[in-house]
Structures are given as C-alpha cells and as structure tokens.
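Thanks for coming. Please take a look at the structure on the screen, and then I will talk through its pockets, cavities and interfaces.

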Amino acid sequence: MSSLKELIIQKLKDKFGSVNFEFSEFRDELTVLFDKKNVVEVCRFLKDDNELQFKLCEDVTAIDWARSKNRFTVVYHIYSIKNGFRLALKADVDESGCSIDSVSSVWKTANWEERETYDMYGIIFNNHPDLRRMYMPEEFEYYPLRKDFPLMGIPGSIPLPKK
Amino acid sequence: MEKITKDDVHPKIVEALLRDTNITVEDALENEMILNMGPQHPATHGVLRLLLRLDGESVVACVPELGYLHRGYEKLAENMSFYEFIPHTDRLDYLAPMANNVAWALAVEKLIGIEAPPRAQYIRMMISELARIASHLVAIGSFAMDIGALTVFLWTLREREKILDIWDILCGARFTNSFTRIGGIANDAQPEAIAKAKWFIDQYEENLDECERLLNSNRIFIERLEGVGVISGEDAVELGLTGPSLRGSGVEFDLRRSKPYLFYNDMDFKVVTYPEGDSLARYFVRADETRESIKIIRQVLEKMPLGDILLNQPKKVLPKKTEIYSKMEELIHDFMIVNFGVNPPVGDIYSAVENPKGELGFYIVSKGEGHPWKCKIRSPSFVNLQSIPHLIKGRMISDVVAIVGSLDPVMGEADK
Amino acid sequence: MGLEAKLTQDGIITSTIDAVVEWSRKNSVWPMPMGISCCAIEMMAAGDPKYDIARFGSEVMRFTPRQCDLMIVAGTVTYKMAHVVKKIYDQMPDPKWVIAMGACTSSGGIYRSYNVVQGIDQFLPVDVYLAGCPPRPDNLLNALMQIQEKIGRTKAREFRNKKLPDPTVLQNN
C-alpha cells in the first residue's frame, strides 16, 4: 500500500505543479490538503486517471473549528474499488467568503451530501444544480451544526401545532 | 395520498419538481398531476415523503423529501463522551442494532489505537452476522408484503423472533442492545446462547426454503419485479450505492473482502452478485446473503477461542465492576474515564464496516478531549435514497412501491 | 362466559345499551399505527405469531385514519413530523384514544436536541403512556388492555356534545 501512496503523491505533484499540497498520514490513512479553488480539477483528475480510478465518493462533510481565520474545512472521502484504497481530501473555507465549488459534476453522489453540508453549516456550493435544505424546514434561519447554535435549539424557531 | 396545491408545498420543492417544463402549477391539473406520497404511508418503510409528477399513471419526475426523523445525532455526539454515545448508535439502523455498535466500537478503537482481544472479536462477528440475517429477513418480508404476498411477512418475522431470543439471552434486551464496549464486549457469551445459536443455524435453511417456495416461481411476483428499477453497474457506483443494491447490479464490492476488519479474512464465504440490476436481482442477493451468513456463523462457532472479552488497559478501557468495588487503582481509573473520557490523540479517522444496508462509516475528529469535536455518520440509506429519482423515471405508480422496497431504506439512518 | 348458558334457556338477555356498546367497542379496537422509528418495529412484532395482537380484537391495523379508534404513536416525533401527526389525529372520527408508546413520545426520550418534541402531550391529548426504549410487545399488549378498561368506563353520552376543533383547511379545490 505504501507504493500506492507514493504513486498518488508523485502523480499529484507532477500534474499540478502550481498547487501547494500538504500530505499527512494518521493511522495508516493519507490526507491531502490544498487550496479551495483547485477542487474540481483535482477531483476530476483523480477520478479519470487510469491507474487510480477513484470512482466512489463516499462522503462530503465540513468541520467547524470555531476560530476567526479559516473557520471551516470541507472534507471529501473517496475510494477506489480497483485498488481498494481510500483517500481524504481537505480544503479550508473562510467564514467571510463562505463558498466553494461543487463537485457534483464529477460524482453524482456529492449532490445530496453537499446539500446536507449546506443545511448544517451554511457553506454555499457554487454551480450546484439544486441547493436546498435537506433536513430542516425551508423557513429555518439558522445552521444547526455550527458551534454557536445551542443543543436545545432556539425556542420558537420551528412552530408546533396547537392542542 | 391527497392532491395538493402550491400552498402545501414549499415553492423551492415545486420548482425542483417542475424543472424542464413550461407548465405552471395551475395548468398541471389538466395535463399532469402532482401527487404526494406523504410521510405517513404503509409502504414507505418509515417517514419518507415522495413528491411525484405524474402523466396519467406513469411517473415523469420525483423529488424525495427527508428530515421527518432528524434527531440531531451529530450535535448530540459533540456533547457526550465516546462511551455515552453507544446507546445512540443502536438507534441508527434499528433493524440491525448490533452491527452499528460494532461499527462505532471499531471506529473509536482505531482512533485510540487499541484492539479488542480475539474472543471478543469472534463474538462481535457472530452478532454482526446475526444482525445481517435479522435485517434481511425484515427486508424480504416487508418487500413481499408490499407486493401483496402477506403470508411471507409473518413467516420471516417468526424466524426473526428466534434471533431476538438469542440476543435476549446474551445481553438482556431483545432490541437496541448496547452490547459492545470500547475494548471488547459487555459480558461473555453464555452456553445457552451458543447452544441456541447452533440450533438456529441448523434449522434456518429449511424455513428459508419454505418462504422462497412461495415467491421464487410465483408468476405474479416475477412479473411485477423483473425489469423494474434497472440500474447499471457504472451508474450505481456513480450514484454512490453500496451494499446489496450495488451487488445486485454486478459490481463485486464488499468491505469484508476489500478492507477486512475483525477476522473476516480467515473466514470462507462468497460475495453474492447478480448481474441484471433490477429489483428481482436485489431480492435474490439478500436471500443468498443470509445463507452465506449462516456459513460464517458456523465457522465462527468452531473457531472461537477461550480468553478475555475486555482488553486489559486501564487508562482507556473501563475495568471490571467487581474490581472497581474492591481495589483502589481500578476505582480511580473508572472515575477518570467516566468523568473525563478516554482522551484519544489529536487527529481524525474514517472507519467503515459492511452493514446489512451498505457501508456505514464514522468520521471522528478529535482534539484530544474526552468527547469528539465532530462526528459524521455516513449512512448507507441516505446515499441509496438518492438514486430513487433515477430508478423511477418512466415507471408506473405501483412500481414506486416495489423500487423503494427493493432498495430497503431505513429512515432512522437516513435522517440521522 | 355464561352467554351460551343463557342462549339455550329462553333466549333473552337483559342489559343496558351502554353496557352492550362498551363491550363491543372495547373488544374490537382497531389501532392506527403511526409508526415512525424503532418502536414501530416492536409494534410490528406485537402483530407477529408470537405475541398475537389479533386475539385482543385488533385484527387489522388499518393505515387510514377514517376507520380507526386508537392511534399508537410509536417513534420519535420531530417538529416537522408533529404537523403530520396532528393532521392525522384530526382526521380520525370520534371516539378516539391515543397511546404514547416509548420514551420518545412520552417525554423526548434520550434525545434532548433541537429537533425533537419533548413529549407529544404538548399538542395531543394522551390516554396511556408506555415506558420503555423500546417497550417489549407484551408491554404494548398491557397498554392495550388498559385502554380497553378505559373504554369500558366511558359512557357514550360523553361524546355527544363535544366541542369540535376549529376547522383547518385541509385541501382547497
């Protein structure tokens, strides 16, 4: 497996010379961190490459670090059925320009996963075909999984039927 | 099912439903109709709302709406320690609760960097496979009931009651039993439980054959399901399907083979695939997978070693109750772990297992505290439901029920 | 029961109308299963051959509210689902009773979070609360027997001049 990790690192460095990658390993899993404006190109390269073939997108989610600079990090987990290898991609998103390009043109799975991330964190995905809320009702004004939203909710934010 | 107008449906959903057309909602009553298969419906396997746009009897577009069972699991996980979250994982896929417990225990053990002793791992394999059989039995039973074969439902539930009796003897609860612990399992398997498991697997195959004899050569069953909801292998991977729905389209992908966990690489079993990709193939995959699970349980019962069931590492694993009440160090360790939590190293992991419905993954981010900083649950039913609009296009209303039943979603998981 | 003994004698039984109506109503309760999550599985298990619910008279579990007397709310009720539950409760004809099955419906259960209603008695009148997570099927049968006793004590005249709820516009044509 370590040869596959080195192969991926080498290929990414060769193809995207201008992009600044940061590679890290924890518990035998490889993570790649890069700038958010290259997301679609890197994902498309990883999917279409003949040796790598990362065809299955397992998960798209975000982390709220609750700090002032680069508050969110969007995380993608992708899997290659041919090689049996899983890779994690990360991109930082700042709170002021809270948007990132959508990868639903690369994998269709990302459609609903990005809608869920938008519903829970408020990160807008550009060029998404259908960005609506997933779980909370459409009139809900807050984003539940942000660290400043209380666990019990804000009373009166969702109406209850009368007895 | 009731007719709705634009006051009942949010405008954004109507817009998504009526894309690619210049028909407005008022005109829709003349040519096409919007039908609401609402959250309360006998055949939607839980609270799933489907908005269908119909042209006569055939479906032109479909928009599913989720969120009727959103209980806020991810926010709850950020506020409680790793041990306190174990009962919550039971209620995710509530048809196979033991499998979710095993998934969470494996994820946290991977984060901390410990491994359960061998006997505990064999017992975890046995209960995972029993959970797989229980879940597939309900899936087959309610699927057949939706098509119209009511007797099969009662027969499969009768088999499932025997499995629930085994779990009752093992840990005291029939259902939503939080049996695994971080570092092992709660208590050892009693001799009655093992004997009952042996008796169950010996008599299971004939009862399954009895149920299948009612269905497999039944002309009504086959004609209602053959060619309904076809999806090819590449489309299935593109849409993110996993589990029996993916293996029913010919793609041989099983996490027990590709990324083995517990002792699955010592077991001899077949990964069942069928190439056709329609609802009938998905039903056959489920029925045959239960047979493979019986094989695995038989091998587990032969190979199970004797030994501890809980790892002996006092800083991370809760010590035994008898020692807590009598010895000093165990009391201190128990106090520290319960109040401050197991403190894993800083980092994040993703760990996935093969659940009966698909791939269940936990992505845990830890900042070194006793509770996770973030916990994302990658639930298989959520991603499987995304393929419903693709499968339904062009079929009739009665096929909608068959297709939703063949994908087998569980809303407790899909809505988290 | 004594009924067959009376029938072979003269063929006349004396009783009050109330008693006959109550006896027939309480032994043929048709439940409407509002099955939402895990408790719904135990409700299904109450209908399987081991814990037969049909021997108590609940032969059919109709999913349409127009034909039922008893609504068993089984599963966690969220704010979004509460409107649907209330709508279906309003569609049931009188007399009707409600069983709150499980911990989640009685008081919110183990979910103290932003989207879960902490007890359905905030918007529905509940007759029997059932504890358990999930309650065993025998427990559900016990609750059913309690409802049967409660029906046995209810007189028919209590439902005659009951105030109707404000009509909500369900569908406009």
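The lining of the second largest pocket in this predicted model divides by class into 28 nonpolar, 10 polar and 5 charged residues. The space in that pocket comes to about 1,200 Å³. Its lining takes in 43 residues, and those closest to the pocket centre are M145(B), F153(B), M44(C), M61(C) and F63(C).

Which elements supply at least two residues each to that lining? From chain B they are α5 (118-147) and α6 (150-171), and from chain C they are β1 (31-35) and α3 (38-46). The largest share comes from α5(B), with 5 residues.

The largest cavity has a volume of about 120 Å³. Its lining has 14 residues, and the ones nearest the centre are E29(A), T31(A), A88(A), D348(B) and I349(B). Two or more residues each come from β2 (29-34), β4 (72-80) and β5 (85-93) of chain A, and from β7 (347-355) of chain B. Of the elements, β5(A) gives the most, 4 residues. By class, the lining of this cavity has 8 nonpolar, 2 polar and 4 charged residues.

The second largest cavity holds about 80 Å³ of space. On the chain B side, its lining consists of R71(B), R91(B) and T176(B). From chain C come S37(C), C38(C), C39(C), G75(C), T76(C), C104(C), C133(C) and P134(C). That lining divides into 5 nonpolar, 4 polar and 2 charged residues.

The side chain of D348(B) meets that of K90(A) in a salt bridge, at 2.8 Å from N to O. On the side of chain B that touches chain A, β7(B) gives the most, with 5 residues. The residues on that side of chain B are 25 nonpolar, 10 polar and 16 charged.

How much area is buried between chain B and chain A? The figure is about 4,300 Å², and carbon and sulfur atoms give 57% of it. K75(B), E238(B) and Q386(B) supply 15% of what chain B buries against chain A, more than any other three residues. The contact involves 51 residues of chain B and 47 residues of chain A.

Last, the interface of chain A and chain C. Here 16 residues of chain A are in contact with 16 residues of chain C. The two chains bury about 1,400 Å² between them, with 68% of that on carbon and sulfur atoms. How many salt bridges are there between chain A and chain C? The count is 0. Polar contacts are found for 2 residue pairs, again with both residues at pLDDT 80 or more. On the side of chain A that touches chain C, 13 residues are nonpolar, 1 is polar and 2 are charged.

That is the end of my part.

Methods. Residues numbered from 1 in each chain as written. Chains lettered and ligands numbered in written order. Predicted model: local features only at pLDDT ≥ 70, side-chain atom pairs only at ≥ 80, totals over all residues. Heavy atoms only, no water. Contact = heavy atoms within 4.5 Å. Buried area = accessible area lost by both parts, 1.4 Å probe. Salt bridge = Lys/Arg side-chain N within 4 Å of Asp/Glu carboxyl O. Polar contact = N/O pair within 3.5 Å; in protein donor to acceptor, adjacent residues only side chain to side chain. Nonpolar A, V, L, I, M, F, W, Y, C, P; charged D, E, K, R; others polar. 1 Å grid on protein atoms, 1.4 Å probe; cavity = no way out; pocket = protein on both sides within 12 Å on 5 of 7 lines; lining within 4 Å. Points joined across faces, edges and corners; volume = space filled by probe spheres on them.
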